[in-house]
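Hi,

Here is the structure I promised to pass on.

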Amino acid sequence: MLCKEIQPRMGKIEFSGKIIDKEEVREFEKFGKTGRVCNVNCEDKEGNKIKVTLWNDEIDKVNVGDKIKIINGYCSEFQGEKQLSAGKYGKLEVL
């Protein structure tokens, strides 16, 4: 699926892209547990970009320049910007 086809609140997304930059890792606490979150910008084969949110162990798996694939991903929207993530039921693979 291409970036332009992905819409907020859409699920079951399969997306492949290249990581072009990686933001700072942030720590959070929720329900008494600590976790980490990090956003990366990905580019699809047409050169369109989408923000991908990485959680906990996913953060250490990827670096700038890596090609990734998200299977069964979910798109949310934050401050008017689409954000794709593998979510609870999806999977992130480094190609």
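**The core and a few residues**

The largest nonpolar core has 19 residues, and Phe-15, Cys-42, Ile-50, Val-52 and Leu-84 have the most contacts inside it. By nonpolar core I mean a set of buried Ala, Val, Leu, Ile, Met, Phe, Trp, Tyr and Cys residues joined through side-chain atoms within 4.5 Å. Two or more residues of this core come from each of strand 1 (13-22), strand 3 (33-43), strand 4 (49-55) and strand 5 (67-78); strands are DSSP runs (E, at least two residues), numbered from the N terminus.

Please note that this is a predicted model: local features need pLDDT of at least 70, side-chain atom pairs count only at pLDDT 80 or more, and totals for chains, interfaces and linings use all residues. Residues are numbered from 1 along each chain as its sequence is written, and side-chain values use heavy atoms, with hydrogens and water left out.

Leaving aside neighbours within four places in sequence, Cys-42 is in contact with residues including Phe-15, Ile-20, Ile-50, Val-52 and Ile-68; contact means heavy atoms within 4.5 Å.

Gln-83 sits in strand 6 (residues 81-85) and is buried at 12% relative accessible area (buried is under 20%, exposed over 50%, partly exposed in between, with a 1.4 Å probe and protein chains only).

Now for the backbone. Most residues other than glycine have a negative phi. Asn-72, in strand 5, has a positive phi near 60 degrees and is partly exposed at 33%. Gln-79, in the loop between strand 5 and strand 6, has a positive phi of about 50 degrees and is exposed at 73%.

Best wishes

Key. Helix = DSSP H or I, 4+ residues; strand = E, 2+ residues; numbered from the N terminus.
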